[in-house]
Amino acid sequence: MRSNLLGLDAQGMERFFAGLGEKPFRARQVLKWIHRRGAADFAAMTDIAKDLRAKLEASAAIEPPAVVGDGTAQDGTRKWLLKVDGANAVEAVFIPEEGRGTLCVSSQAGCTLDCAFCSTGKQGFNRNLSAAEIVGQLWLANRALGFHDKPGAWGEPRPVSNVVFMGMGEPMLNLDAVIPAARLMIDDNGYGLSRRRVTVSTSGVVPGMDRLAAECPVALAVSLHAPNDELRDRLVPINRRYPIRELLAACNRYLERAPRDFITFEYVMLDGVNDSEGHAKELLGIAAEVRCKFNLIPFNSFPASGFRRSGADRIRRFASVLQSAGLTVTTRKTRGDGIDAACGQLAGDVADRTRRTQVVPLTELRA
Ligand code: SAH
Ligand code: SF4
């Protein structure tokens, strides 16, 4: 089988070239061709000798996922549906904003964790994505946004200035692929993004947080969603394994290595479930233990979710309790309406292997 070079980070690429009896600088050259210039075949790599190119063609390939859907919402948010194999497709979303462009990437086809309010979770799980399938989302987005095509275009502004692992899946349960993909994103021979502009979001898989801190510390977002274990156990079931106290300790360990001096706590606003002033006051206790900022996410609905989005007034009151205590709070704007591209709406096409889609969802979790 030919190796897919798209997913190899600097180390992996050097190992590959060493296997061909080639020098390490070849690895850097090919990394630049693939990621900075968007090369899709070896023939384009004009500064590489013809006989080496022939060797590469025989033993390797550059294979991104296939784009099978491509839609743009009124607000410019663009969503791609990417076929990763015969049975599964995942989604990547580009969110253009004033002064920056954020790509939201998926890390798994589905998710095993089954958070009560998440459409991906309700779809069940099929498999982990490979590093090539993850970084391939950025490679494809850059191409689709016309970035790679312009000669000498590498520089500012670039269409994708930030990457967030907030699409389908739990990145901390697929670190063998997420780490090389994130390394390529921050590698100067790759996408050259600052560590602070690559954010991994986790529902709180504590061992994964420690591993990421050790191997590739990038910015971290933690999906908190509840101020106490009783409620969080129901909304984010992984809490039963790693309760809030352990999660906060892991956040503090992460901060010792993190490129930013705070953790972003994400908090989905579910009407009448976790959005009272009392809940906000309870959160202050958590905020006293970890340097953090809050990102409130108005719930995005999907069929049969069983939850409603908190009203704007309720969200404002909740935010003001946190702000009065000196915390930084942002409320995420809902983007990608009309193409189901908002947080928690990504569902792709997952051949569920957990049989979760066959059970009636939510019954156990409803308050
Ligand atoms: N598995 C990771 C990353 C993917 S989800 C995690 O859970 O952090 C990215 C964010 O979207 C998380 O904070 C998640 O809790 C949130 N989210 C999930 N479903 C949502 C929904 N229906 N509406 C709004 N946000 C949602
Ligand atoms: Fe998985 Fe994150 Fe969705 Fe929870 S919120 S089910 S961890 S993708």
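Some ground rules. Residues are numbered from 1 along each chain as its sequence is written, and chains are lettered from A and ligands numbered from 1 in the order in which they are written. Since you will want the limits of a predicted model, local features need pLDDT of at least 70, side-chain atom pairs count only at pLDDT 80 or more, totals for chains, interfaces and linings use all residues, and side-chain values use heavy atoms, with hydrogens and water left out.

I start with ligand 1. How many residues surround ligand 1? There are 20, and the closest are Phe117, Ser201, Ser223, His225 and Asn300. A residue counts here if one of its heavy atoms lies within 4 Å of the ligand. By class, this shell has 9 nonpolar, 9 polar and 2 charged residues. Ala, Val, Leu, Ile, Met, Phe, Trp, Tyr, Cys and Pro count as nonpolar, Asp, Glu, Lys and Arg as charged, and the others, Gly among them, as polar. Three strands each supply at least two residues of the shell: S10 (198–202), S12 (263–269) and S13 (292–298). Strands (E, at least two residues) and helices (H or I, at least four) are DSSP runs, numbered from the N terminus.

Next, the polar contacts, meaning pairs of N or O atoms within 3.5 Å. One nitrogen contact of ligand 1 is to a backbone N or O atom of Phe117, at 2.8 Å. A polar backbone atom of Gly169 lies 2.9 Å from a nitrogen atom of the ligand. The side chain of Ser223 has an N or O atom 2.6 Å from a ligand oxygen. Taken alone, ligand 1 exposes 520 Å², and the protein buries 96% of that; the areas come from the Shrake-Rupley method with a 1.4 Å probe.

Ligand 2 has Gly169 in its shell too, along with Cys111, Leu113, Asp114, Cys115, Cys118, Gly121, Glu170 and Ser203. That shell divides into 4 nonpolar, 3 polar and 2 charged residues. Asp114 sits in the loop between strand S7 (108–110) and helix H4 (119–122). Its phi is near 60 degrees, a positive value in a residue other than glycine. Ala304 also has phi near 60 degrees, and is found in the loop between S13 and helix H11 (312–324).

Now the helices. The axes of H5 (residues 131–144) and H6 come within 8 Å and cross at roughly 35 degrees. Axes are lines fitted to C-alpha atoms, for helices over the stretch in contact, and angles run from 0 to 180 degrees between N-to-C directions. Which classes make up this contact? It has 10 nonpolar, no polar and no charged residues.

H6 (residues 175–186) also packs against H7 (residues 206–215), at about 30 degrees with axes 11 Å apart. Here the contact has 3 nonpolar, 1 polar and 4 charged residues.

Technical notes:
Polar contact = N/O pair within 3.5 Å; in protein donor to acceptor, adjacent residues only side chain to side chain.
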